Amino acid sequence: MAGARGRPHPKSTEFPADKSVRAAVVLQPGEPVRRMYEELVVLMGVSGAEVLREALVALHEQKLPGNRLQEAS
């Protein structure tokens with residue numbers, strides 16, 4: 001059941017290790033970030049989800065240098 005619209009919900013800082021995390025990103029037509037996203041999908045030849053995964057890894061490395069997470073093999 002979805003929460004009430006317009007009502008603030010508490011933010012969680014805990015992510016259960018045994019559950020998937022789903023992030024929804026809405027990129028509006030004409031938004032510069034949408035064009036970047038589309039260009040990267042075509043250039044890299046991967047799914048949009050993979051583009052976002054790689055962007056998260058790059059941002060993590062930029063914000064927390066030397067603290068790279070181990071990638072699953």
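The chain folds into two helices and zero strands. What you see is a predicted model, so every value below was computed from it. Let's walk through it piece by piece.

**The chain as a whole**

The chain has 73 residues, and 3% of them count as buried. Its accessible surface comes to about 7,300 Å². Carbon and sulfur atoms account for 58% of that surface.

**Helix H1**

Helix H1 covers residues 32-44. With 13 residues, H1 reaches 18 Å from its first C-alpha to its last, close to the 18 Å expected at 1.5 Å a residue. Just after H1 comes Gly-45, which takes a positive phi of about 65°.

**Salt bridges**

How many salt bridges does the model hold? The count comes to three. In general, side chains of opposite charge can pair when their charged atoms come close.

| Pair | N to O distance |
|---|---|
| Arg-34 and Glu-38 | 2.8 Å |
| Arg-35 and Glu-39 | 3.2 Å |
| Arg-53 and Glu-50 | 3.6 Å |

Where do Glu-38 and Arg-34 lie? Both belong to helix H1, four residues apart, which is about one turn of the helix. Arg-35 and Glu-39 are also four residues apart in helix H1, and about one helical turn separates them. Arg-53 and Glu-50 sit in helix H2, which covers residues 48-63. These two are three residues apart, again about one helical turn.

**How open are the paired residues?**

Start with the pair at 2.8 Å. Glu-38 is partly exposed at 40% relative accessibility, and Arg-34 is partly exposed at 28%. In the next pair, Arg-35 counts as exposed at 58% relative accessibility, while Glu-39 is partly exposed at 43%.

**A closer look at Arg-34**

Which residues does Arg-34 touch, leaving aside its neighbours within four places in sequence? They are Leu-27, Gln-28 and Pro-29. Arg-34 therefore has a salt-bridge partner in Glu-38 as well as contacts with Leu-27, Gln-28 and Pro-29, and its relative accessibility of 28% makes it partly exposed.

**A nonpolar patch**

Charged residues are one part of the picture; here is another. Leu-40, Leu-43 and Met-44 form a nonpolar patch on the surface. Together, these residues have about 280 Å² of accessible area. Met-44 is found in helix H1 and counts as partly exposed, at 31% relative accessibility.

**Putting it together**

To recap, the model has two helices and zero strands, and 3% of its residues count as buried. Helix H1 holds the pair of Glu-38 and Arg-34 and the pair of Arg-35 and Glu-39, while helix H2 holds Arg-53 and Glu-50.

Notes: Residues numbered from 1 in each chain as written. Predicted model: local features only at pLDDT ≥ 70, side-chain atom pairs only at ≥ 80, totals over all residues. Heavy atoms only, no water. Salt bridge = Lys/Arg side-chain N within 4 Å of Asp/Glu carboxyl O. Buried < 20%, exposed > 50% of the residue type's maximum accessible area, 1.4 Å probe, protein only. Areas by Shrake-Rupley, 256 points an atom, 1.4 Å probe, with all protein chains shown as cover. Patch = residues over 30% accessible without salt bridge, like charges linked within 9 Å, V, L, I, M, F, W, Y side chains within 5 Å. Contact = heavy atoms within 4.5 Å. Expected span 1.5 Å × (residues − 1).
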